[in-house]
Amino acid sequence: MTATDLRVIAALGARSVKQTFRRPQLMAPIIIFPSILLAIQTAGAGRAVDLPGFPPVDNFLSFMLAGAMIQSTMLAGNSGGIALAVDIEMGFTDRLLAAPISRFAIVLGRLAGTAALAGLAAVWFIVVGLIFGASIQEGVPGALLMIFFVVLSGVAFGGIGASVALRTGRASVVQGLFPLVFVILFLSSAFFPDNLMLEPAATVAEYNPLSFIVEGIRDPVISSVTWSVFGKAMASLALVGAIGIGLSALALRRRLRMGG
Amino acid sequence: MGWRAQFESVAALVRRAANELLRVPGAAIPGVLAPTIFFLGLTSVFGKLSLLPGFTTASYQSFLIPISMLQGAGFTGAATGVNLARDIEQGWFDRLLVSPAPRPVILAGLVLSAALRSLIPAAVLLAVGFAIGVQWPGFGGLLIAVFCVMCMGTIAACWGTTLALRYRSQSAAPLMQAGMLLIILTTTAYAPLDLLTGWLHTVARYNPVTQVVEAARQGFVGGVTWGDTWPGLLALAGLLALLAALALRGMRRAAV
């Protein structure tokens, strides 16, 4: 990767972040909606910590923080895909394709923007969590590890959103993934320990890669970091990232072959 | 304009909304899909909350289904606001305003169609719910739940109409939907009042929609009593009066 590619990625990433801040309809699913759900679910199901089998935690908010972060990140990936599809619909991507820059830097720029937004969302939820009584057992290094995982999740899930945008070129199709995000979330341990979920969701959650990612983010909040949880989270992120970026590369190649 | 003509105008507006559903069946999907996904998802995730001491039923899906039905009505009603905003943007609403139909008649046509449309997600949710073991609420319990759903659809439509007339743009859609989501979820949505913690316990105690939820829920988690019904009816009447007045004010102020 050349210095020019890096500059292109940085410029397109910055554009992507600015675009999200300018359009409330892109910002709402990343920050506002997950924050509202976090507040309501934490207070509504807060007594869940009294259930036998619930992992030892200071409070339900500490448990739920990771779920809110991953929800926000998945929706950021979806919003990034919508914005990319809008760019394709409006012809902006065609102008980029005609420019003397690496084609894949165009996609990486969008993913860099999604990763930056995911990082901002992680900081937001850590601050909100600390204000409202959550505690991070692993302290500052634990918080940094959470941000690291959330940023990587942004790239991984952003890749999936980008691949659908590049394949279809239609914002409405990417927007249609919104309900699917919640299906995947509900079939993971994002909001509840999988051993306390009802079947068949409990079994699905046990093997869902998203559960491993969420547990990687949650681990420093509720206990000491363990290598096995860290390793499973990294492996799951690598898997989702490889699928997302691989599909994006294929979709981009197909789009170029078909003439943009 | 006589009563007969007014009634025919309301019926024509309801038919127009129904035609929209027949011509674009996909338009009804988000209003059905979102509450159904949330119903199935939340039941799977939080189902074991019913094991907590003090929980009013052993079946979490029976506890949750009225919330999802009301949520479906909320989304459907808010969609009326979005459709009205689209009509305003495209100039169709201006033509409606210069027609001889009085403003309250136009409002009645809009909200009545929302009340009827809110039965679609409710029917889908009931079918899914009974398939996964939701308790039969009895004829009386079902009737009360359906009545609450239709009224909530009307309330949401009034809310959506007020915002559509205020902002005159479809970009106000998130506000229409978020408003209904908030008022429905800040109740005893996830657990009985005694099991709610922190700020939500206080908000749910004073949120009038809690009474509507309890009235709609009673048949699913136990027997139907007048004591559990009248506070819900009173809350519905109050919310309807308030939001219909706001929508009507917006309608009367709307200038061509």
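Ala, Val, Leu, Ile, Met, Phe, Trp, Tyr, Cys and Pro count here as nonpolar, Asp, Glu, Lys and Arg as charged, and the others, Gly among them, as polar. By that scheme, the lining of the second largest pocket divides into 13 nonpolar residues, four polar and no charged. The model is predicted.

**Second largest pocket**

- The second largest pocket holds about 370 Å³ of space.
- Its lining comprises 17 residues, and the closest to the pocket centre are A:Met74, A:Phe157, A:Ile160, A:Ile184 and A:Val240.
- In chain A, the elements giving two or more residues to this lining are α3, α6 (139–168), α8 (178–186), α10 (209–222) and α11.
- Helix α6(A) supplies the largest share of the pocket lining, with four residues.

**Largest cavity**

- The cavities of 30 Å³ or more number three.
- The largest cavity has a volume of about 140 Å³.
- It is lined by 15 residues, of which B:Ala17, B:Glu20, B:Asn83, B:Leu110 and B:Ser113 are the closest to its centre.
- Chain B elements α1 (3–23), α3 (60–90) and α5 (103–117) are those that give two or more residues to the lining of the largest cavity.
- Of these, α3(B) provides the largest share, seven residues.
- The lining of the largest cavity splits into five nonpolar, five polar and five charged residues.

**Second largest cavity**

- About 70 Å³ of space lies in the second largest cavity.
- Residues lining the second largest cavity include A:Leu12, A:Arg15, A:Leu84, A:Asp87 and A:Phe92.
- Also in this lining are A:Thr93, A:Leu96, A:Ile106, A:Gly109 and A:Arg110.
- Two or more lining residues come from each of α1 (3–22), α3 (60–90), α4 (92–98) and α5 (103–131) of chain A.
- The lining of the second largest cavity has five nonpolar, two polar and three charged residues.

**A:Ser248**

- A:Ser248 sits in helix α11 of chain A, which spans residues 227–257.
- The side chain of A:Ser248 reaches the backbone oxygen of A:Gly244 at 2.9 Å.
- Leaving aside residues up to four places away in sequence, A:Ser248 touches A:Val107, A:Gly159, A:Ala162, A:Ser163 and A:Leu166.

Terms used. Residues are numbered from 1 along each chain as its sequence is written. Chains are lettered from A and ligands numbered from 1 in the order in which they are written. This is a predicted model: local features need pLDDT of at least 70, side-chain atom pairs count only at pLDDT 80 or more; totals for chains, interfaces and linings use all residues. Side-chain values use heavy atoms; hydrogens and water are left out. On a 1 Å grid over the protein atoms alone, a cavity is a set of points where a 1.4 Å probe fits but cannot get out, and a pocket is an open set with protein on both sides within 12 Å along at least five of seven lines; lining residues have an atom within 4 Å of a point. Grid points are joined across faces, edges and corners, and a volume is the space filled by probe spheres set on the points. A polar contact is a pair of N or O atoms within 3.5 Å; within protein, one must be able to donate a hydrogen and the other to accept it, and residues adjacent in sequence count only if both atoms are side-chain atoms. Contact means heavy atoms within 4.5 Å.
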